[in-house]
Amino acid sequence: MNETEYTYAVARIRANELKLLSADDISQMINAPDKDSAERILIDKGWEISESDSDPCEKEMNRAWKLIKESVPSAELLEALVIGNDFSNLKAAIKCVFSSVAPQAYYVIPCVTDTDIITKAIKEADFGILPEHLQKCAREAYSAVSKHQSGQLSESIIDRASLEAKLAYAKKSESSLLEKIAEMNAVAANIKTALRCVSMGKTKEFALGSMCSCALDNEKMLENAENGEKMAEYLGTTEFDFLAESIKESFTAFEKFCDNRISSLIRETKYDIYGVDPVVAYYYAKTAEAKNARIILSAKASGVPADAISERVRDMYV
Amino acid sequence: MSTFLGAALAILGGACAAAFGGVGSAIAVGRVGRAAAGIVTEDPSKFGKVLILQILPGTQGLYGFLIAFLLFNQIGLISGDIAALQAIEPLKGLMYFCACLPMAIGGFVSAIHQGNAAIAGVGIVAKRPEESGKAIIFAAMVETYAVLALLISILAIFGIK
């Protein structure tokens, strides 16, 4: 698609960027005396928060996706941004159906596939009604629970399929930024899977089966997954050497580093006037914002001190 | 046929000036319009500010029209002076054609780039409406080169004897 086709969308995004939370807003929220005061800062920024809302962050993400869908010439090209939620919903549906719990409360929006279809498919074991990207993994994940009673296997099948779908959808999006982020996320997920599988004593087959194909050699990654130090050494020899330092520290530090890396990547598009990348950047900026708001609000509700919250929050786009 | 070759070359030059300037302006004004629509969707009060930015890359089309008009008047096309048209020698016609090139090329290229600067300016209006004057100046700077192209084309047309 011609880059100038996104001129309208980019302009709308730029206007909406004014409403994004800045680093100062986040700092104010962290230092707010309680959860209500932190929520008031969000309300001042246009967030809709009411007593009945279980998760205002989800509502914000849905608003961001709606804005993108309204503005871009073809929203299908950007489904990579929300396709992961389809797989989260599939996971929720399988867990709930097998535990005889209503899944609706556990569904995440925005998503591509209607959640009612996912519920129906799992309840009736009729996977043909699901869209193509969910069919195979739904069938396998369902059978992992029904035949092998393995919730863990079911989750790993869905996680792998989710990463592969994100990569495939990112490729068709024509956004180099989205491809870069999807590739980094796939590598980061594989690193975590490899380290976890080795520490839990899982077989090589199970570990490789849980990892998606990414830019790095999964077998080599697994060979170096004894601990963070060894993984860092291996990563230092690859194009993903920038991930090496943080994996030595902890999973939390690694995840925070990956999120901050995404923030620095999206900041490169801050002054672009054409193309799809500013739209992608906006969605990731909203994701970082929602993640921070969620961390701060739940920390405030549990009385976590400001210093401890500051360590966990991610860099902002604005 | 050969009696009108000079006139044909001159008319082709004028047509190029008008067409390339017009096409460049149409593309640029259309793009800025799309960006302006995005801003106005979110904040209709910014209509006035973005409208100025949208108008800016439209001038190349007018300059192209002006060159074509001046040339056609100079060679007698507008008055329908057939004798004057026949009197234009091929070399003179070629000179008229070349005289129009600065406006045709300079107008097209400057319109597209002025459009890009104006779209970036729309971004300034979106985020810092109080700085919209600067956004207009950035886009207006590109106008210099369209004006220079216009001047050189005018001087050349009137300089051909």
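Q: What makes up 42% of the 161 residues in chain B?
A: Buried residues do. Buried means under 20% relative accessible area, with exposed over 50% and partly exposed in between (1.4 Å probe, protein chains only). This is a predicted model, where local features need pLDDT of at least 70, side-chain atom pairs count only at pLDDT 80 or more, and totals for chains, interfaces and linings use all residues. Residues are numbered from 1 along each chain as its sequence is written, chains are lettered from A and ligands numbered from 1 in the order in which they are written, and side-chain values use heavy atoms, leaving out hydrogens and water.

Q: How do you know which elements chain B has?
A: Helices (H or I, at least four residues) and strands (E, at least two) are DSSP runs, numbered from the N terminus. By that rule chain B has six helices and zero strands, so its pattern reads α-α-α-α-α-α.

Q: What share of the contacts in chain B between residues at least 6 apart in sequence joins residues at least 24 apart?
A: The share is 87%, with a contact meaning heavy atoms within 4.5 Å.

Q: What ipTM and pTM does the predictor give the complex?
A: The ipTM is 0.84 and the pTM is 0.89.
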